[in-house]
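Please keep the sequence and the model in view while reading.

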Amino acid sequence: MLGADQQARMQVSYQLPANGAPRLNLHDGGADRLRIAVSHLAGDGADVKVTITTAVGVSVATARARTRLTDFRFLDFSGPGGQDFTNTSQIVVEFTSNGSLTVDSIEARGPFRLSQLMRWDPRTEESGKLAVHAALLHTGHILFFSGDEHDPGRHFLGRTAPKHIDSTRIYDCSSGAVLAAASPQVPPGTTPPDLFCCGHAFLPNGRLLVAGGTESWEFRQEDPDPDPGGHHRNQHFTGLRYTWLFEPEAPFGTNPWTRAADMKDGRWYPTLVTLGDGDCLALVGHPSAANLQDHVNRDVEVFSGNWKVLGPPAISGLVPTYYPRLHVLPNGEVFSATPIEGKCKTWSRASSRWEVAADQPDAVYHGFNTTSVLLPLLPPYSEAKILMCGGAQPVVINPFERQPGGLAVWKPTGERQPIAGSRSRPRQDSNSVILPTGEIMVCGGFDANRAMLETELYDAAEDRWTTLPATGTAKVARGYHSVALLMPDGRVFTAGGNDAGDWSYHRRADYPVIAGQPLPQAPTDEGKIENGVAVDNRETRIEIYEPPYIERGDRPRITNAPEAIGYDTRFRITTPDAERIRRVALIRAGSVTHSFNSDQRYIGLPYTRSDNRIDAVSPPNGNIAPPGWYLLFIAAEADGQVIPSEGLFVHLNIGSSGNPVLIQSNFGDEGNFEVVTPRAEGGLAHFVRNNDEPAMPWAGPFRFGTEVGRVHAVTMIQSTFGENGNLEVVARIGAGLVHFLRDSEPPFTWHGPFPIVPSGVSGNPVLIQSNFGDEGNFEIVTPMANGGLGHYVRENPNTPWAGPFPVGTTTDTVDAVTMIQSTLGENGNLEVVARIGAGLVHFLRDSEPPFTWHGPFPIVPSGVSGNPVLIQSNFGDEGNFEIVTPMANGGLGHYVRENPNTPWAGPFPVGTTTDTVDAVTMIQSTLGENGNLEVVARIGAGLVHFLRESEPPFTWHGPFPIA
């Protein structure tokens, strides 16, 4: 482990033995690189230097490591020792980090053959548990679990001994290790949290939302008293109302599961899917035993921290519908490829209603034994096709392509290649995985009693199916209750399966449906013993599929990319292979159960190439790519093949856009920090830091103003109105301004929007409450769409807004603005700093009639970007003017004017970041000896915090993450 600001040196030595044995040969087995696996890394990364000493000399390579694999290709080493490491005497690995670090392994890896044939890794790992549910975590691990593992004995044992449904495991994609993990816990005497046959999907923050599961197995009783809803007489399982959140970054040894709000009713076999705004939709499944009327949960429920039922029921009848195949379309609607009451339908969040979109596909695709996948979305994202396969003839549909009758049509795909002599073998209970090549891999499944070990690929662009040769044939049969997931390096993880779909520790045939006969549930009945051997119908081996690009030595490499990106944002990917790149894509981290992965989707990105870098543009909105964690891939083409890089996790964050605004309110003993920022998906987000708590935690985002859509810029104050001071927000929406206010007393309700001006403005407005007028006027200055600055005034409390009045004489296009009322002048001048192009200028307005504006006065001619922020601090005899602004070359710059007339000095760096800063806000707080400077900056879609101490040497600290 490395402590903060420490450097550790790890040395691995090989000394020539006394008997003259040969030195270490790093190329043994065809290895062509050293691979370092880092499982934990605090801070923003670690610098790694590798030095290899041979008989010829010393060779060195360096890289930046994060929490994942870092490869040092032998071709990357330079120095007198060259790249021949057949005669190695010493390896030295040095790490430099500003946070704690855990290194799991350093090993030579290979061989890396140029085989063009996909293959299954002949090694299999024993997991010890049945994988019914699985999810790729942004930590580089795969979570898998199964509740009672599909066994009634384990379920009923769980009612008295919850350990018997403790089946959560973690697979480390780097090392291949299987790690035990805690399962959800509830207080004794309550219904156990059996996650068998639940639903799940990823939330924007990377947590896995898990809802429903098995409340009870079928009792098979004819007596109506214990089964008034008739669920068990119909051999139905009843569903749990529980909701859980799995935290991928929970400290080792702690329980990563936390209980969230229960659903309105239970769900067994539900589907969850993440919507474009980050909320999560839950649909159908069997309800709880308490529901005496229905055998299907008909409510449409959406999770946004709590569950809310939206609109009319999805289903009007009583026929159960299980695990429908739901896909979020680029227009934000949810398309059900599984028929709902005989039709394929779309659901609109705006109307909360279902509309018929297509006739149903062939009957084989009506249930949950076939797989469905949204085919790759490519710019301009105007087309969306959905593939359903697992029947003899796969089918595809474009819900946007309507026929004259108003409905879309299912069409057959191109012909499949023969499998065991037949082109029409169904493969029930198979899984589909989107590869970074854009192809769809279909694996596992059964044709009647024949295991489908062969692997098929579907190329959507060519409408072509390929059956792989013998090297593409799996060793382990997979069927019902199996899973498959894309791994970060482009391999595919497969696990799970029940032999012939049977129970895990008992045989279904031993418990025929006879009135009054109970299922295995005795407290000692963990499983059936036959001839001294316990029954075990589980497939617990893990098998890994390796596409051909895994072993190519010419895979492109991503050496750096942002960990978080916002929507419709240009971001930079550093790669030495830029000239070869032909594709850039994001693939969402998947979560899969029962042959369906509602999370997986492939989004191709527009990009440009230049020396050693790719500039890509992120998806335009969450309907194209719901917020959350994705794998970023770049790909070259050679030998007629697509050759992708390894994936790099990036957080596509609904987070922030526009400019944030920070104030210190009078709430809390120490004064809370309050941040409001536009959300990339529309509306505003409010974050609060409780400065009374020792840890000073940030809470939020609390959303408001979602009805106005996209907000371009925002400004906020705490006014003198209300019992304790309302929060007053002015937002620019398009070319207009609107006003929101939040009550200063519980329940702290937001009100608005109230119109100020419908059009004509641009840039970012700034709001203050001046000391003019009996109640303190509201004063806004904003860039105008036609050039110059406009000044709006509201004489409080209720006079209409007046303006715009011109600010100074400039008619240049003003990009951004900031304003304060200073202590200078008779009653306090208005002081405005504006960014015009890459420079800053200063205006001031006299505090006495005729209230003349003066300026612009130059501050800095070039080098700045984003929005500046101006305050008057308590430093200096007259209160210094302090500006912080994003710099055009990255990072933040700090300018200071010692009042009244000293020239501006700066820029002085703020913190250590050199990232591109998009927007900034600053206050002088009451914290610290004399009042720290507190800065919040938006970098991409995320918010970070810097602070500067209020005493010499006035040190800046940060960035510290907020969101």
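Two strands are taken to pair if DSSP finds at least two bridges between them. Helices (H or I, at least four residues) and strands (E, at least two) are DSSP runs, numbered from the N terminus. The model described here is predicted, so local features need pLDDT of at least 70 and side-chain atom pairs count only at pLDDT 80 or more, while totals for chains, interfaces and linings use all residues. Residues are numbered from 1 along each chain as its sequence is written, and side-chain values use heavy atoms, with hydrogens and water left out.

An open sheet is formed by 4 strands in the order 57-58-59-60, and their pairing is antiparallel. Strand 57 (713–718) and strand 60 (750–757) are the edge strands, each of them pairing on one side only. From one strand to the next, the twist averages 20°, where axes are lines fitted to C-alpha atoms, for helices over the stretch in contact, and angles run from 0 to 180 degrees between N-to-C directions. Strand 59 (residues 736–742) runs antiparallel to strand 60 and is joined to it by 5 bridges; within strand 60, Pro755 is the residue that stands opposite Val738.

**The chain as a whole**

The secondary structure of the chain comes to 1 helix and 76 strands. Of its 963 residues, 57% count as buried, a term that means under 20% relative accessible area, with exposed meaning over 50% and partly exposed lying in between (1.4 Å probe, protein chains only). Among contacts (heavy atoms within 4.5 Å) with a separation of 6 or more, 57% are accounted for by residues 24 or more positions apart.

**Nonpolar cores**

A nonpolar core is a set of buried Ala, Val, Leu, Ile, Met, Phe, Trp, Tyr and Cys residues joined through side-chain atoms within 4.5 Å. The largest one has 65 residues, and Ile142, Tyr171 and Phe493 touch the most other members. Leaving aside residues up to four places away in sequence, Tyr171 touches a set of residues including Ile142, Phe144, Val178, Met487, Phe493, Ile542 and Ile544. A second, separate core of 39 residues includes Ile386, Met388, Ile565 and Ile573.

**Salt bridges**

A salt bridge is a side-chain nitrogen of Lys or Arg within 4 Å of a carboxyl oxygen of Asp or Glu, and the structure holds 32 of them.

| Salt bridge | N to O distance |
|---|---|
| Glu149 and Lys129 | 3.8 Å |
| Arg538 and Glu149 | 2.9 Å |
| Arg552 and Asp639 | 2.7 Å |

Where in the chain do Arg538 and Glu149 lie? Arg538 is in the loop between strand 40 (533–534) and strand 41 (541–546), whereas Glu149 is in the loop between strand 10 and helix 1, so the pair ties together parts that are 389 residues apart in sequence. Both Arg538 and Glu149 are buried.

The salt bridge of Arg552 with Asp639 also links distant parts of the chain, 87 residues apart, with Arg552 in the loop between strand 41 and strand 42 (564–565) and Asp639 in the loop between strand 50 (628–638) and strand 51 (641–644). Arg552 counts as buried because its relative accessibility is 4%, whereas Asp639, with a relative accessible area of 57%, is exposed. Elsewhere, salt bridges that share partners join Lys129, Glu149, Arg154, Asp536 and Arg538 into one network.
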